[in-house]
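Colleague: Please take me through this model feature by feature, giving the general idea before the particular case.

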Amino acid sequence: MSMTLPSDWQAHLAEEFAQPYMQHLMDFLAQREALGKEIYPPQTHRFNAFEATPFSRVKVVILGQDPYHGAGQAHGLSFSVMPDVKIPPSLMNIYKELNGDLNIPIARHGYLMNWAKQGVLLLNSVLTVEASKAGSHQNQGWEQFTDRVISLINEHHNGVVFMLWGAYAQKKGRHIDRNKHLVLETVHPSPLSAYRGFLGCQHFSKANAYLEAIGSAAIDWGGHLQGELL
């Protein structure tokens, strides 16, 4: 399975695939598939975040929890859905904040690959889920793997912006070195909490101000509006 990771990620993460927790995770996934369970995203999309954003190019990390559990939604990038899928409520609130913060029009699609290609690692803590069962693959090993991903970025990079939305993401990012990186925290963009601090947080403009201040190129947060997707 490590061979599906791009080479620069594999150089740092290959050892994880020899660990007992990863063997447990692979066995768990194989057992669920043998029982005929529908698992999202499809196996070919599970490491899409790593394919789209090479380790050497990570500038921003947006941390999600687990993939969308509806048919056709999850494709390996946190908060993102395929172009022909209805925009989920949390992503709609992200778009609303983009509009309020940077006056970026609200897109008609939820496909965030353009962000990923610019260095925004759209990382879920758990990389698989069963159809219609939110959180069904938690505590099987994915969290340990993605903890290692965050640790590697923290250790090997300087000046990365971490966007930690909600208590779950904030707990997962508690060991990030605030002296090396910018950590932006607020409530989750879910409709249940967005109006308690997410809307108005200005994380996107703050991220760009920080990146420019350290001599890095800003993210074009409106880049997903370009091209044939509109």
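Modeller: Ser132 counts as exposed, because its relative accessibility is 63%; exposed means over 50% relative accessible area, buried under 20%, and partly exposed in between, with a 1.4 Å probe and protein chains only. This is a predicted model, in which local features need pLDDT of at least 70 and side-chain atom pairs count only at pLDDT 80 or more, while totals for chains, interfaces and linings use all residues. Residues are numbered from 1 along each chain as its sequence is written, and side-chain values use heavy atoms, leaving out hydrogens and water.

Colleague: What is the phi of Ser132, and in which loop does Ser132 lie?

Modeller: Most residues other than glycine have a negative phi, and most peptide bonds are trans. Ser132 has a positive phi, near 65 degrees, and sits in the loop between strand E4 and helix H6 (142–156), where helices (H or I, at least four residues) and strands (E, at least two) are DSSP runs numbered from the N terminus. Asn139 is likewise found between E4 and H6, with phi near 65 degrees, and it counts as exposed because its relative accessibility is 67%.

Colleague: Which residues does a cis peptide bond join?

Modeller: Tyr40 and Pro41 are joined by a cis peptide bond, with omega about -10 degrees, and Pro41 belongs to the loop between strand E1 (39–40) and helix H3 (48–52).

Colleague: Which residue does UniProt list for "active site", and is that residue buried or exposed?

Modeller: The unreviewed UniProt entry lists Asp66 for "active site"; UniProt positions are given in the numbering used here, feature names are shortened, and annotations may be inferred rather than shown by experiment. Asp66 lies in the loop between strand E2 (60–64) and H4, and it counts as buried because its relative accessibility is 19%. Not counting residues up to four places away in sequence, Asp66 touches Asn124, Val126, Val129, Ala134, Gly135 and Gln138, contact meaning heavy atoms within 4.5 Å. The side chain of Asp66 also reaches the backbone nitrogen of Gly135 at 2.9 Å.

Colleague: What is the volume of the largest pocket, and which residues lie nearest its centre?

Modeller: Rolling a probe the size of a water molecule over the atoms shows where empty space is left. The largest pocket has a volume of about 540 Å³ and is lined by 31 residues, of which Gln65, Asp66, Pro67, Tyr68 and His188 lie nearest its centre. Its lining receives two or more residues from each of E2 and helix H7 (167–172), and H7 gives the most, with three residues. A pocket is an open set of points on a 1 Å grid over the protein atoms alone, where a 1.4 Å probe fits and protein lies on both sides within 12 Å along at least five of seven lines; lining residues have an atom within 4 Å of a point. Grid points are joined across faces, edges and corners, and the volume is the space filled by probe spheres set on them.

Colleague: Where does Ser125 lie, and which residues is Ser125 in contact with?

Modeller: Ser125 lies in the loop between strand E3 (120–124) and strand E4 (129–130), and it is buried, since its relative accessible area is 0%. Leaving aside neighbours within four places in sequence, its contacts include Leu63, Gly64, Gln65, Trp142 and Lys172.

Technical notes:
Polar contact = N/O pair within 3.5 Å; in protein donor to acceptor, adjacent residues only side chain to side chain.
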